[in-house]
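Take a first look at the structure below.

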Amino acid sequence: MKRVRSALLLSALAAGCAGKPLIPAAGVNTPTSGQMKSNPDEGDTDKNASQMLKEGRDTFRYDTFGSEQFWGSQLGLHKAIAGQAHGGTGPGLTPKQALNLGLKVDSGKLPKIVLEAVKGGSLNLNDPEMTLELLRADAVVGVKGFFQDKQLVSVGVRCALCHSTVDDSISKGIGSRLDGWPNRDLDVGKIALLAPNLEPLEQAVGADEATVRKVLSAWGPGKYDAELDQDGKGFRPDGKSAATVIPAAFGLAGVNLHTYTGWGSVAYWNAYVATTQMHGKGRFFDPRMNDRAQFPAGVKNGFNDMRSSEDRVTSKLAALHFYQLAIPAPTPPKDSFNAAAAQRGAAVFNGSAKCASCHVPPLFTEPGWSMHTADEIGIDDFQASRSPDKKFYRTTPLRGLFARSAPGFYHDGRFPDLRAVVAHYEQVLKLNLSDAERADLIEYLKSL
Ligand code: HEC
Ligand code: HEC
């Protein structure tokens with residue numbers, strides 16, 4: 001910082017030498033004197049930035065936007081979690097089952113005594129009462145339990161449910177929070193299926209119970225379908241699930257459009273998700289979606305112009321946007337790739353493999369318009385055709401690939417590993433890579 005300041009000072013001095021008096025006479029208020037003082041707006045901007053960061057982080061991690069009305073009051077998910085013995089229904093959800101569904105536990109939230117029990121292996125992971133204990137401590141990432149006295153009376157969901165995970169530092173699924181990392185273990189479909197009453201979901205999607213069950217069961221870990229309750233399409237024409245892999249919410253600054261198919265900005269999408277997907281209370285507006293042919297379920301649900309009785313979303317969008325843009329892509333562990341090969345691979349990426357024609361470093365997406373047709377990247381247009389623009393895929397920014405390798409790459413995880421991704425491009429872009437170049441390119445991708 002100091003060095004930057006003195007560089008600025010030097011250039012100011014140079015400017016002073018070039019004619020204008022450097023230090024104006026006292027009391028003379030020339031534009032030059034304004035330039036020499038530190039800008040008072042700077043302090044306000046810095047203060048605003050740290051305030052936005054803090055507020056945005058809180059919203060991302062902890063806000064349910066009132067979604068407990070849907071997940072709790074309507075679906076009754078809390079009843080299945082609590083179990084009959086604790087005022088709910090059925091056997092209840094044990095911590096072991098919760099972890100197997102991909103739910104994560106933030107060890108930073110655990111009371112010391114519980115943390116010791118987890119570390120020592122003496123916490124009974126087969127007792128649903130322990131799940132309630134974790135919810136009381138607010139330690140289940142992305143899920144908020146509402147309690148009256150000792151009873152769980154509702155649950156709501158947060159952004160962190162899908163877009164955060166933990167570092168497994170205590171044990172698998174238990175550790176420190178990693179914001180922005182997609183939770184690729186999370187089985188959202190199976191979690192929703194725990195609900196005793198699926199009717200609100202049937203209504204949202206416009207399908208009967210059997211269909212909703214079939215669709216949700218087909219998602220699998222790390223996947224969710226954020227367009228299902230708009231177009232009612234549970235499956236692709238090839239019969240596979242229409243769900244997409246949960247994307248990273250890190251490394252997004254500088255990227256023009258968001259989602260795999262470029263629905264809008266981060267702020268646009270946050271309003272969309274908080275209202276139409278999490279079923280929080282707020283406003284959302286998109287006249288492009290007032291199209292009964294493309295979005296029959298969405299139009300019926302009024303998703304193109306949502307006005308809840310109260311708005312718990314709009315006032316949080318600015319800080320939430322700001323926070324996400326501030327989350328850096330994580331650095332891959334040093335031993336997870338071969339550094340020398342990665343360095344050679346950079347030349348392949350930028351040269352003969354033509355990757356950098358779209359994935360422009362250091363953003364690894366296009367500065368500017370980053371949308372491509374299905375043909376350009378050699379895949380089907382099913383998912384692209386579900387977006388309001390109906391035809392594009394967005395060039396995915398590639399930093400932090402290692403944190404989202406399972407269940408696979410591309411919007412639906414169709415390529416199980418980087419080898420398969422590169423093989424695809426070799427065919428589509430008619431590349432002629434040697435075995436060595438191919439191996440180096442893959443090491444480079446792992447290093448991003
Ligand atoms: C139930 C899981 C789930 C929840 C909860 C959720 N998201 Fe997402 N998010 C997704 C999926 C899946 C996509 C990809 C959607 C698509 O491309 O069709 C996505 C896309 C995104 C993107 C675009 C990323 C990119 O690469 O452009 C951002 C940003 C984002 N979500 C932020 C949020 C925020 C903020 C919240 C809370 C308001 C939230 N999400 C809640 C699953 C979720
Ligand atoms: C014509 C533009 C274009 C070119 C050239 C291109 N990509 Fe892509 N890339 C895309 C688009 C668009 C996507 C998103 C596809 C999807 O999600 O279905 C993508 C996705 C990816 C992904 C998956 C990221 C994820 O998180 O799922 C990887 C990895 C990737 N590209 C690597 C490469 C490599 C390596 C090359 C060079 C061999 C390359 N790309 C060349 C446009 C391009």
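Predicted model: local features only at pLDDT ≥ 70, side-chain atom pairs only at ≥ 80, totals over all residues.

Helix H9 (160-163), helix H14 (266-277) and helix H16 (317-326) each supply at least two residues of the shell around ligand 1. H14 gives the most to this shell, with five residues. There are 27 residues around ligand 1. Cys159, Cys162, His258, Thr259 and Tyr260 come nearest.

Ligand 2 has 25 residues around it. The nearest are Cys355, Cys358, Phe409, His411 and Tyr425. Helix H18 (374-377), strand E12 (392-394) and helix H19 (418-428) are the elements that give two or more residues to this shell. H19 gives the most to the shell around ligand 2, with three residues.

The table sets out the classes of residue in each shell.

| Shell | Nonpolar | Polar | Charged |
|---|---|---|---|
| Ligand 1 | 19 nonpolar residues | seven polar residues | one charged residue |
| Ligand 2 | 15 nonpolar residues | six polar residues | four charged residues |

Now the domains. The chain is divided into domain 1 (64-186), domain 2 (196-244) and domain 3 (334-447). The centres of domain 1 and domain 2, taken over C-alpha atoms, are separated by 24 Å. In the contact between these two, 13 residues of domain 1 meet seven residues of domain 2. On the side of domain 1 that touches domain 2, helix H4 (68-74) and helix H5 (77-82) are the elements that give two or more residues. That side of domain 1 has six nonpolar, four polar and three charged residues.

Last comes helix H17. H17 runs over residues 339-350 and has twelve residues. From its first C-alpha to its last, H17 reaches 17 Å. That is close to the 16 Å expected at 1.5 Å a residue.

Which residues of H17 are buried? They are Ala342, Gly345, Val348 and Phe349. Helix H20 (435-447) is included in what covers the buried residues of H17.

Terms used. Residues numbered from 1 in each chain as written. Chains lettered and ligands numbered in written order. Near = placed C-beta within 6 Å. Helix = DSSP H or I, 4+ residues; strand = E, 2+ residues; numbered from the N terminus. Nonpolar A, V, L, I, M, F, W, Y, C, P; charged D, E, K, R; others polar. Expected span 1.5 Å × (residues − 1). Buried ≥ 20, exposed ≤ 12 C-beta atoms within 10 Å, placed from the backbone. Domains from an automatic or database assignment.
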